[in-house]
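Colleague: Could you take me through this model? I would like to begin with the chain as a whole and then turn to particular residues.
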Amino acid sequence: MGRHVSYEQKTEELLLPIVEKHGYELVDVEFVREAGSWRLRAYIDKKGGITLDDLTVVNHELSDLLDENDFIEESYVLEVSSPGLLRPFKKPRDYERNIGEDVEVRLFAPVTWEEGGKTYSDKEFVGVLKEYGDDKIVLGFDDRDMEVAVKDIARIRKYIDF
């Protein structure tokens, strides 16, 4: 395990009790380099959406714990944020939360199927996420279902029709 992955995991351990205490959900933690500086980002959410006050409370509490534990060697900026509507699914709970919802899926390689005597091939789909397991999902369309291996998914996120 790399040092930066360890930072993310230790931050999650500190953050989980904070978000649970306030009734929020921890969506993700990432430690990334952007524009020449390190960013420690924590994404939180709650039913009905997260507010600026929610973000402020978590930011202050997490910042205090990070100062106390001081395990990150690099200089960094702490950001506590809402994950946003169009965030890609990263964790099992992202998939589970969206079962029954329309999702947008992009595969690494196209799949081919036959329908009405014609052959089709595509790697981008919008369908209903019907099932999720550790190694596959089932997408539902009007006339059929399609099973897709999770390892074949380049990106999956909630579909928002603007």
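This is a predicted model: local features need pLDDT of at least 70, side-chain atom pairs count only at pLDDT 80 or more; totals for chains, interfaces and linings use all residues.

Colleague: How does the radius of gyration of the protein chain stand against that of a compact globule?
Modeller: The protein chain has a radius of gyration of 19 Å, whereas a compact globule of 162 residues would have one near 15 Å. Along the principal axes, the C-alpha atoms fill a box of roughly 65 × 35 × 30 Å.

Colleague: How many helices and strands are there in the protein chain?
Modeller: There are three helices and eight strands. Read from the N terminus, the order is α-β-β-α-β-α-β-β-β-β-β.

Colleague: Let us turn to S6. Which strands does it pair with?
Modeller: S6 runs antiparallel to S5, with four bridges joining the two. S6 also pairs with S7 in the antiparallel sense, over five bridges.

Colleague: What joins S5 to S6, and what lies between S6 and S7?
Modeller: A hairpin through three residues joins S5 to S6. S6 and S7 likewise form a hairpin, with four residues between them.

Colleague: Which residues stand opposite each other there?
Modeller: Val128 is opposite Gly140 of S6. For Lys136, the bridge partner in S7 is Ala149.

Colleague: Why is S6 described as largely enclosed?
Modeller: Four of the five residues of S6 are buried, so the rest of the structure largely encloses this strand.

Colleague: Changing topic, how many aromatic pairs are there?
Modeller: The count comes to nine aromatic pairs. One of them is Trp113 with Phe125: the ring centres are 5.8 Å apart and the planes meet at 50°, so the pair is tilted. Trp113 belongs to strand S4 and Phe125 to strand S5, so this pair ties together parts that are twelve residues apart in sequence.

Colleague: Is Phe125 buried or exposed?
Modeller: Phe125 counts as buried, at 7% relative accessibility. Phe125 also pairs with Phe141; their ring centres lie 6.1 Å apart with planes at 55°, so that pair is tilted too. Phe141 sits in the loop between strand S6 and strand S7, 16 residues from Phe125, and the pair links distant parts of the chain.

Colleague: Which residues form an aromatic cluster?
Modeller: Tyr7, Phe31, Trp38, Phe71 and Tyr76 form one.

Colleague: Now Lys91. Where is it found?
Modeller: Lys91 is in the loop between strand S3 and helix H3.

Colleague: Why does Lys91 count as buried?
Modeller: Its relative accessible area is 17%, and buried means under 20%.

Colleague: What does the side chain of Lys91 make a polar contact with?
Modeller: The partner is the side chain of Glu12, at 2.8 Å. Leaving out residues up to four places away in sequence, Lys91 touches Glu12, Val27 and Asp28.

Colleague: Lastly, Glu25: which strand does it lie in, and what is it in contact with?
Modeller: Glu25 lies in strand S1. It is partly exposed, with a relative accessible area of 23%. Apart from neighbours within four places in sequence, Glu25 is in contact with Tyr43, Ile44, Asp45, Arg93 and Arg97.

Colleague: How far is Glu25 from Arg155?
Modeller: Their C-alpha atoms are separated by 22 Å, and the two residues are 130 residues apart along the chain.

Methods: Residues are numbered from 1 along each chain as its sequence is written. Side-chain values use heavy atoms; hydrogens and water are left out. Buried means under 20% relative accessible area, exposed over 50%, partly exposed in between (1.4 Å probe, protein chains only). A polar contact is a pair of N or O atoms within 3.5 Å; within protein, one must be able to donate a hydrogen and the other to accept it, and residues adjacent in sequence count only if both atoms are side-chain atoms. Contact means heavy atoms within 4.5 Å. Rings of Phe, Tyr and Trp (its six-membered ring) pair if their centres lie within 6.5 Å; planes under 30 degrees apart count as stacked, over 60 as edge-to-face and the rest as tilted. Two strands pair if DSSP finds at least two bridges between them. The radius of gyration is taken over C-alpha atoms; the globule rule is 2.2 Å times the number of residues to the power 0.38.
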